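Welcome, and thanks for taking a look at this one. Here is a short briefing to read alongside the model.

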Amino acid sequence: MSITLSSLILLPIWISMAQIQQGDPDEKEKTTALKDLLSRIDLDELMKKDEPPLDFPDTLEGFEYAFNEKGQLRHIKTGEPFVFNYREDLHRWNQKRYEALGEIITKYVYELLEKDCNLKKISIPVDATESEPKSFIFMSEDALTNPQKLMVLIHGSGVVRAGQWARRLIINEDLDSGTQIPFIKRAMDEGYGVIVLNPNENYIEVEKPKIHVPSSSDSSDEPAEKRERKDKVSKETKKRRDFYEKYRNPQREKEMMQLYIRENGSPEEHAVYVWDHFIAQSAAENVFFVAHSYGGLAFVELMIQREADVKSKVTAVALTDSVHNVWHQEAGKTIREWMRENCCNWVSSSEPLDTSVESMLPDCPRVSAACSTEM
């Protein structure tokens, strides 16, 4: 077993307790304080003292990775795929490193949507003030004016953002597997306008403001000498508490608070908002949806909220491993009937492509994707 910094810190305490227990009976009372100290030490937090700093690059070049001509993420020097376990026995640090890389990937995909797919980034809410939280979607130049066809893409839940199906596939496989870019390019080649939703961008995070607690001397009528003694004790107490917190959690992350985006505080709200302000206003005679996983649930919720409008504009819906549930979502009979006629759910299966797969739910047909549709 490797000896870590945290175990070295605790070793003297354990030795002291053993010595006290073997000594004079009066000395055993001292174990109370030591046991109290141990009970207040969170060993998981203490392990963070062994971590390198949570300070990661903010560019792919900084990570020494790049996408090659096949869209695969490879190390610039070795040509090897991404390695998650960069540091042995430091799972939390490795996970934080992976998440930091994921944020860079998200920005990289946004750039591809604008530069390679020629999509425009549209801020929402459309009437947002300068100071309020905002999100965005992506649209092709003709998304609202194309008189014939409009394609709408909705990804699933989790860390993915507009233009992505799965971060894991982008990092471990390639851009074609993990992003919506092949769908977007083919749709545009075949004359569709395109709208890319961003249903997981529901809030922004800001650091919690620090609350100032006035000291007792601020408003006390006590004699000056007594106030000075109390202030001295208070300062010493704070000093000990701060030292303990620094010792217990040296890589303490900032306390953040979430500010939700108006009318876009959930994937379901986002789908309805984009429908009302963009899709419903489009000139397209035929609207088509491609929705993965939770995106399918968001589409069903949209149908429940805007049934007549959706039926009048939407021609067909392609679902992939959709997690919608017509019973739990309380979709009415007319919605279920429409879904049976206009929707199809491709699900993970080893059966040949388009082979019918049995379902317990009376909504839309389920057929085999002939592989895993995990995204």
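Is helix H10 (residues 267-277) mostly covered or mostly uncovered? Helix H10 is mostly covered, with eight of its eleven residues buried; buried means under 20% relative accessible area, exposed means over 50%, and partly exposed lies in between (1.4 Å probe, protein chains only). Please keep in mind that this is a predicted model, in which local features need pLDDT of at least 70, side-chain atom pairs count only at pLDDT 80 or more, and totals for chains, interfaces and linings use all residues. Residues are numbered from 1 along each chain as its sequence is written, and side-chain values use heavy atoms, with hydrogens and water left out.

**Overall picture**

- The protein has 13 helices and twelve strands; helices (H or I, at least four residues) and strands (E, at least two) are DSSP runs, numbered from the N terminus.
- Of the 375 residues in the protein, 42% are buried.
- Taking contacts between residues at least 6 apart in sequence, 69% join residues at least 24 apart; contact means heavy atoms within 4.5 Å.

**The eight-stranded sheet**

- Eight strands form an open sheet with mixed pairing, in the order S3-S4-S6-S5-S9-S10-S11-S12; two strands pair if DSSP finds at least two bridges between them.
- The edges are taken by strand S3 (120-124) and strand S12 (366-368), each with a single partner strand, so one side of each has no neighbour in the sheet.
- On average, neighbouring strands of this sheet are turned by 20° against each other, direction ignored; axes are lines fitted to C-alpha atoms, for helices over the stretch in contact, and angles run from 0 to 180 degrees between N-to-C directions.
- S3 and strand S4 (residues 135-139) run antiparallel and are joined by five bridges, with Ile-122 having Ile-137 in S4 as its bridge partner.
- Strand S9 (residues 286-292) pairs with strand S10 (residues 314-320) in the parallel sense over six bridges, and Val-317 in S10 is the bridge partner of Phe-289.
- S10 also pairs in the parallel sense with strand S11 (residues 343-347), over four bridges, and Cys-344 in S11 stands opposite Ala-318.

**Helix H10 and its meeting with H11**

- The buried residues of H10 are Pro-267, Glu-268, His-270, Ala-271, Val-272, Tyr-273, Val-274 and Trp-275.
- The axes of H10 and helix H11 (residues 294-305) come within 9 Å and cross at roughly 55°.
- H10 and H11 are therefore oblique to each other; angles under 35 degrees count as roughly parallel, over 145 as roughly antiparallel, 65 to 115 as roughly perpendicular and the rest as oblique.
- The crossing of H10 and H11 is right-handed; a crossing is right-handed if the near helix is turned clockwise from the far one by less than a right angle, and left-handed if anticlockwise.
- From H10, Pro-267, Glu-268, Ala-271, Val-272 and Trp-275 meet Tyr-294, Leu-297, Ala-298, Glu-301, Leu-302 and Gln-305 in H11.
- By class, this contact of H10 with H11 has eight nonpolar, one polar and two charged residues; Ala, Val, Leu, Ile, Met, Phe, Trp, Tyr, Cys and Pro count as nonpolar, Asp, Glu, Lys and Arg as charged, and the others, Gly among them, as polar.

**H11 against H13**

- The axes of H11 and helix H13 (residues 333-342) come within 10 Å and cross at roughly 130°, which makes H11 oblique to H13.
- H11 passes H13 in a right-handed crossing.
- Phe-299, Val-300, Met-303 and Ile-304 in H11 meet Ile-335, Trp-338 and Met-339 in H13, and by class this contact has seven nonpolar, no polar and no charged residues.

**Single residues worth a click**

- Asn-94 sits in helix H5 (residues 91-115) and counts as buried at 1% relative accessibility.
- Leaving aside neighbours within four places in sequence, Asn-94 is in contact with Phe-84, Asn-85, Tyr-86 and Arg-87.
- Ala-283, in the loop between H10 and S9, is partly exposed, with a relative accessible area of 42%.

**Backbone points to check**

- Most residues other than glycine have a negative phi, and most peptide bonds are trans.
- The peptide bond from Ile-124 to Pro-125 is cis, with omega near 0°, and Pro-125 lies in the loop between S3 and S4.
- Glu-263 has a positive phi of about 60° although it is not a glycine; Glu-263 is in the loop between strand S8 (256-260) and H10.
- Glu-330 has a positive phi of about 55° although it is not a glycine, and at 67% relative accessibility Glu-330 counts as exposed.
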